[in-house]
Amino acid sequence: MLGFLGVIKTENMQLEGFFFYLLSGYFSGSVIHYLVAKIFGPILFGRGFCGWACWTAMTLDFLPYKRNKAGRLAENWEFLRYIHFGFSLFLVLVFWFLYEYRPTPMSKSELAWLVGGNTFYFVSAFILALTLKDNRAFCKYLCPITVILKFTSKFAFLKIEGIKEDCTQCGSCNAACPMDINIMEYVKNGERVLSTECIYCLTCTTVCPETILDDTFKMDIGGKEHIRRIEITEQG
């Protein structure tokens, strides 16, 4: 998508491009991508795009910080992604109404938007990863796409579930989760992993020594968050 639609076809695959094409009435590749991967698709597979297809996260996974062992920063840091989302929307509206900018398919201006947006994403993502020693820091605190995904993934049919009776609470799943989700808490409560932070990477299912975790297809509503944070870790 980034290489063919973005670079070769010079289509703005960033969030701003999605907003521009909606305003223009273009049923573009960007619109299809967001509808499938980030709006309607997550009702089936949650935030699977984050775990398996995000080109920013793909690059970050080459860094050595697979997981921040101390847990996440305080919850108010996550508000940054809502600010980022609001700024992207505000920027589009300013260009649309104030400067009367209209996207031109397969133009240099679209390529400029794509390169500019991706440059900011990659630079900020690498700075956060290196500073916090956490590959997924950008996903947790700054990525604006999560604002959409956190809502749509609540209704995901596919979620992780554990067998409560067979769980030894060894902590392997928690230790391996790149998003700092307290998976054991859901299993202990007899619930599926209802966190909208789950990127459906299936790492927890592969590291569980008792093999009691698996993805299941059911109907429930997510949004109950059990996240491991630095403050909780330091208090024991």
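**Exercise 1.** Find what share of the contacts between residues at least 6 apart in sequence joins residues at least 24 apart.

*Solution.* Take a contact as heavy atoms within 4.5 Å. Among contacts between residues at least 6 apart in sequence, 76% join residues at least 24 apart. The model is a predicted one, where local features need pLDDT of at least 70, side-chain atom pairs count only at pLDDT 80 or more, and totals for chains, interfaces and linings use all residues. Residues are numbered from 1 along each chain as its sequence is written, and side-chain values use heavy atoms, with hydrogens and water left out.

**Exercise 2.** State what percentage of the 236 residues is buried.

*Solution.* Buried means under 20% relative accessible area (1.4 Å probe, protein chains only). Buried residues make up 48% of the 236 residues.

**Exercise 3.** Describe the largest cavity by volume and lining.

*Solution.* On a 1 Å grid over the protein atoms alone, a cavity is a set of points where a 1.4 Å probe fits but cannot get out, and lining residues have an atom within 4 Å of a point. A volume is the space filled by probe spheres set on the points, which are joined across faces, edges and corners. The largest cavity holds about 210 Å³ of space. It is lined by 20 residues, and Phe49, Cys54, Thr56, Cys143 and Ile145 are the closest to its centre.

**Exercise 4.** Do likewise for the second largest cavity.

*Solution.* Its space is about 120 Å³. Of its 14 lining residues, Cys177, Ile183, Cys198, Cys201 and Cys204 lie nearest the centre.

How values were computed
On a 1 Å grid over the protein atoms alone, a cavity is a set of points where a 1.4 Å probe fits but cannot get out, and a pocket is an open set with protein on both sides within 12 Å along at least five of seven lines; lining residues have an atom within 4 Å of a point. Buried means under 20% relative accessible area, exposed over 50%, partly exposed in between (1.4 Å probe, protein chains only).
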